[in-house]
Amino acid sequence: MKFELDEQQRDFAASIDAALAAADVPHAVRAWADGDTAPGRKVWARLADLGVTALAVPERFDGIEAHPVDLVLALERLGRWGVPGPVTESIAVAPVLLVDDERCAALASGELIATVALPPRAPRAVDADSAGLTLLADLDGTVSEANAGAQHESVDPSRKLFDVDPTGAQWRADVQRAFEFGALATAAQLVGAGQALLEAAVDYAKQRTQFGRAIGSYQAIKHKLADVHIALELARPLVYGAALSLADSSHDTARDVSAAKASASDAALLAARSALQTHGAIGFTAEHDLSLWLLRVQALRPAWGDPAAHRRRVLEAL
């Protein structure tokens with residue numbers, strides 16, 4: 001069986017890359033970490049113009065109701081550029097929890113950014129202080145609005161975590177499906193972040209010299225970076241395969257999503273370690289953009305289920 005993105009999907013990915021390349025996302029990430037969300041919201045406005053924020057929203061609320069593969073495609077690119085804010089929660093999860101709610105229209109237009117807590121798998125809400133809507137979901141299928149409580153620092157300063165308390169009326173939603181979307185969207189971002197780290201390492205290996213030669217000419221470096229490339233190329237089909245399972249509501253969806261999340265987490269971690277080793281001391285500095293992706297990978301690996309939890313789900317399904 002041959003899996004290949006069609007021309008329209010490749011063009012969509014290219015349009016996201018072009019928009020984010022011109023948006024100075026690293027500046028937006030650093031500003032978001034400092035509490036200034038204005039540059040980041042401009043990035044989100046660009047995504048809204050491209051239809052990214054409308055991908056999972058039903059058509060009756062002016063959404064695109066796109067195939068999960070298209071959603072994964074977009075989220076991988078957002079991970080590649082390190083877009084700040086509750087990306088998984090607002091773009092992939094909230095539309096499932098608000099499927100019959102008119103507020104989906106605001107999600108689609110980008111006017112509303114939402115965040116979600118789903119304990120125990122996602123116990124805290126990302127950026128609840130800056131999101132326009134915070135949701136608290138329970139695996140028994142109930143959802144309610146919530147208020148932000150105590151703040152907890154993340155390893156990634158641009159991802160602030162909050163305890164949340166329910167407020168207002170409750171409603172029913174397919175919370176389990178929302179969790180699968182959350183885990184898969186996070187896996188896609190990890191693949192994208194891993195790709196960014198690989199590209200940064202390859203570029204730097206061509207510039208950095210040691211003993212009079214570019215370090216990229218040494219076999220050990222070549223093999224290290226090749227291992228990262230292979231790991232990402234093995235993770236990517238699992239992510240897209242899980243998207244197909246979600247689209248078909250397959251009984252193997254939980255297994256496929258967890259396999260994708262675990263594989264993407266491992267591949268991104270390998271990319272982070274290899275990029276740091278390739279860059280050397282400069283990779284440890286906060287001033288270098290590499291640090292933004294290093295921290296993002298560390299933050300996304302446990303988000304929406306850590307690798308151990310997802311491996312456990314795979315084993316239980318076998």
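Tutor: Gladly! Strands here are DSSP runs of E with at least two residues, helices are runs of H or I with at least four residues, and both are numbered from the N terminus. The model is predicted, so local features need pLDDT of at least 70, side-chain atom pairs count only at pLDDT 80 or more, and totals for chains, interfaces and linings use all residues. Residues are numbered from 1 along each chain as its sequence is written, and side-chain values use heavy atoms, without hydrogens and water.

Student: How do you know that strand 4 and strand 5 pair?

Tutor: Two strands pair if DSSP finds at least two bridges between them. Strand 4 and strand 5 (residues 161–172) have nine, in the antiparallel sense, so they pass. Thr-142 stands opposite Arg-172 in strand 5, and Gln-151 faces Phe-162.

Student: What makes strand 3 and strand 4 a pair?

Tutor: Three bridges, again antiparallel, join strand 3 (residues 133–137) to strand 4 (residues 142–152). Leu-135 has Glu-145 as its bridge partner. Four residues lie between the strands of this hairpin, where Gly-141 takes a positive phi near 105°.

Student: Why are strand 1 and strand 2 at the edges?

Tutor: The open sheet of five strands runs in the order 1-3-4-5-2, with mixed pairing. Strand 1 (114–117) and strand 2 (125–126) each have a single partner strand, so one side of each is left without a neighbour in the sheet.
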